[in-house]
Amino acid sequence: MGPWTCSASVSASDAVYDVRRIATGEVFQRNGLTTELAIDRRINENWKAYMKWIRESDDANDPSYEYEANVFSAGIKWSH
């Protein structure tokens, strides 16, 4: 078995839509943030075990668009 490998990333986005309007007449605006943490470990030459967590959120001046999500995954992956 190989050593554990860890990775992390954070990304942000910001958008203003020139044409799209919300109910109040304002121009639609949104911003988002994504965070990802992952670890994996080589089992043998072609196989790795992994675990990953991703969190996404989008905020907007239109409350019907806002969301938050957490995703957890774990498994074994093959590469050749």
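At 29% relative accessibility, Y65 counts as partly exposed, where buried means under 20% relative accessible area, exposed means over 50%, and partly exposed covers what lies in between, with a 1.4 Å probe and protein chains only. The structure is a predicted model, in which local features need pLDDT of at least 70 and side-chain atom pairs count only at pLDDT 80 or more, while totals for chains, interfaces and linings use all residues. Residues are numbered from 1 along each chain as its sequence is written, and side-chain values use heavy atoms, with hydrogens and water left out.

**The sheet**

- An open sheet is formed by 4 strands in the order β1-β2-β3-β4, with antiparallel pairing; strands are DSSP runs (E, at least two residues) numbered from the N terminus, and two of them pair if DSSP finds at least two bridges between them.
- β1 (4–21) and β4 (67–78) stand at the edges with a single partner strand each, so one side of each is left without a neighbour in the sheet.
- From one strand to the next the twist averages 15°, with axes taken as lines fitted to C-alpha atoms and angles running from 0 to 180 degrees between N-to-C directions.
- In a regular strand the side chains alternate between the two faces of the sheet.

**Hairpins and bridge partners**

- β2 and β3 run antiparallel and are joined by 13 bridges, and the hairpin that joins β2 to β3 passes through 4 residues; R41 stands opposite A49 in β3.
- β3 (residues 47–60) pairs with β4 in the antiparallel sense over 12 bridges, and these two strands form a hairpin with 6 residues between them; the bridge partner of W47 is W78 in β4.

**The aromatic cluster**

- The structure holds 2 aromatic pairs, where rings of Phe, Tyr and Trp (its six-membered ring) pair if their centres lie within 6.5 Å, and planes under 30 degrees apart count as stacked, over 60 as edge-to-face and the rest as tilted.
- The ring centres of Y17 and F28 are 5.2 Å apart and the planes stand at 45°, so this pair is tilted.
- Because Y17 lies in strand β1 and F28 in strand β2, the pair ties together parts that are 11 residues apart in sequence.
- F28, at 0% relative accessibility, counts as buried, whereas Y17, at 30%, counts as partly exposed.
- F28 also forms an edge-to-face aromatic pair with Y65, at 5.3 Å centre to centre and with 80° between the planes; this pair links distant parts of the chain, since F28 is in strand β2 and Y65 in the loop between β3 and β4, 37 residues apart.
- Together, Y17, F28 and Y65 form one aromatic cluster.

**Arginines around the cluster**

- The charged end of R20 sits over the ring of F28, 4.0 Å from its centre, and also over the ring of Y17, 6.0 Å from its centre; the criterion is NZ of Lys or CZ of Arg within 6 Å of the ring centre and within 35 degrees of the ring normal.
- R30 lies in strand β2 (residues 27–42) and, at 19% relative accessibility, counts as buried.
- The side chains of R30 and Y17 are joined by a polar contact of 3.0 Å, that is, a pair of N or O atoms within 3.5 Å; within protein, one atom must be able to donate a hydrogen and the other to accept it, and residues adjacent in sequence count only if both atoms are side-chain atoms.
- Not counting residues up to four places away in sequence, R30 touches S13, D14, A15, Y17, D58, D59, A60 and Y65, contact meaning heavy atoms within 4.5 Å.
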